Amino acid sequence: MKVLILDSEADAIDRAAEIIAETLREKPDAVLGLATGGTMIPLYEALRARHEDGLSFAKARSFNLDEYIGLAPDHPASYHRYMREALFDHIDIDPARAHLPRGDAPDAAAEAEAYEALITDAGGIDLQLLGLGRNGHIGFNEPTSSLTSRTRVKTLTESTRKANRGYFDDEAQVPRFAITMGVGTITEARHCLLIATGAAKAAAAAAMIEGPISAACPASILQMHRRATIVLDRDAASELKLSGYYEHVHPGGQDSAFDRGGA
Ligand code: GLP
């Protein structure tokens, strides 16, 4: 695990945007795994700015982590809509190559299986972007999700429903189920890039990085990944016991001299 600690949220976002841009510069037809949530909004703004400066997504392909069951792509709180508004409508990605599971599919289990097959057909994911749930979830893999799970239907926890309540008119409207890439699907990505900012993520970040590998904190499986980069701001890093070491290895959140290919 490469743990990069940046002074501010803005610096963390800029560092993560640079990692994504580097991936696209090295491999313009990269398969990107994308995420949603509040953390990603400034990141997508940073990518839009880089696109205006010449970064192209024209040959890339993308797969989002998840979607709420029951929401059609034009629902204001759907992740389809979020992605169009936050990113897709502002860059040159081919909309036919920007994939999300359909929350309104008549058979959600079949949709999940087909989505998984589509990822495999695309040759797998080069760079998977991840946010962190306050309870340690990645995608919508809530605590106790199998660490080898595949794309499937998950029941959301009440805490996740509350955390996402702001996107809906009232709490009753927050869906109870989602289709999400599995933990196993996510960790097959060749590079995982998780971003967590703000004090509300400090406990989950500490459990993910320094706690035991456990389905109780699905993000902790990234400890087993050959190439996982964790980008934190100082608030999200505030409960780490070994932050001095991470900062010694990666001063200012930059690569160490030995780090090509991950640590
Ligand atoms: C949702 C998404 C996750 C995201 C999490 C954190 O539950 N399914 O992919 O990481 O929210 O979101 P935020 O960045 O808003 O804290």
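Which residue is the bridge partner of Thr155 in β8? The partner is Phe177. This is a predicted model, in which local features need pLDDT of at least 70 and side-chain atom pairs count only at pLDDT 80 or more, while totals for chains, interfaces and linings use all residues. Residues are numbered from 1 along each chain as its sequence is written, and side-chain values use heavy atoms, with hydrogens and water left out. Helices (H or I, at least four residues) and strands (E, at least two) are DSSP runs, numbered from the N terminus.

**The seven-stranded sheet**

- Seven strands make up an open sheet with parallel pairing, in the order β1-β10-β9-β6-β2-β3-β5; two strands pair if DSSP finds at least two bridges between them.
- At the edges stand β1 (2-6) and β5 (98-99), each of which pairs on one side only.
- Helix α7 (residues 202-210) packs on this sheet and touches β1, β9 (191-196) and β10; contact means heavy atoms within 4.5 Å.
- The direction of α7 makes about 150° with that of β10; axes are lines fitted to C-alpha atoms, for helices over the stretch in contact, and angles run from 0 to 180 degrees between N-to-C directions.
- Strands β2 (residues 31-34) and β3 (residues 61-64) run parallel and are joined by four bridges, with Leu32 opposite Ser62 in β3.
- Both faces of β2 are covered: Val31 and Gly33 on one side, and Leu32 and Leu34 on the other, are all buried. Buried means under 20% relative accessible area, exposed over 50%, and partly exposed in between (1.4 Å probe, protein chains only).

**Strand β1 and its partner β10**

- β1 and β10 are paired in the parallel sense over five bridges, and Leu6 stands opposite Asp233 in β10.
- Five of the five residues of β1 are buried, so β1 is largely enclosed by the rest of the structure.
- On one side of β1 are Lys2, Leu4 and Leu6, and on the other are Val3 and Ile5.

**Asp233**

- Asp233 belongs to strand β10 (residues 228-233).
- Asp233 is buried yet has no salt bridge. A salt bridge is a side-chain nitrogen of Lys or Arg within 4 Å of a carboxyl oxygen of Asp or Glu.
- The nearest side chain of opposite charge is that of Arg234, 8.7 Å away; Lys and Arg count as positive and Asp and Glu as negative, while His and the chain ends are not counted.
- A polar atom of the Asp233 side chain lies 3.1 Å from the backbone nitrogen of Gly198.
- Apart from neighbours within four places in sequence, Asp233 is in contact with Leu6, Ser8, Glu9, Ala12, Ala196, Thr197 and Gly198.

**The three-stranded sheet**

- Three strands form a second open sheet, in the order β4-β8-β7, with antiparallel pairing.
- The edges are β4 (66-68) and β7 (152-155), each with a single partner strand, so one side of each is left without a neighbour in the sheet.
- From one strand to the next, the twist averages 30°.
- β7 and β8 are paired in the antiparallel sense over four bridges.

**Salt bridges**

- The structure holds 15 salt bridges.
- One of them joins the side chains of Lys27 and Asp126 (3.0 Å, N to O). This pair links distant parts of the chain, 99 residues apart: Lys27 is in the loop between α1 (9-26) and β2, and Asp126 is in the loop between α4 (108-121) and β6 (127-130).
- Lys27 counts as partly exposed because its relative accessibility is 34%, whereas Asp126 is buried, with a relative accessible area of 10%.
- Glu158 and Arg161 meet in a salt bridge through their side chains (3.1 Å, N to O). Both lie in helix α5 (residues 158-163), three residues apart, about one turn of the helix.
- Glu158 is partly exposed at a relative accessible area of 39%, and Arg161 counts as buried at 3% relative accessibility.
- The side chain of Glu158 also forms a salt bridge with that of Arg176 (3.9 Å, N to O). Here Arg176 is in the loop between α5 and β8 (177-180), and Glu158 is in helix α5, 18 residues apart.
- Arg176 is partly exposed, with a relative accessible area of 46%.
- A network of salt bridges links Asp14, Glu18, Arg25 and Arg50.

Definitions and conventions
Polar contact = N/O pair within 3.5 Å; in protein donor to acceptor, adjacent residues only side chain to side chain.
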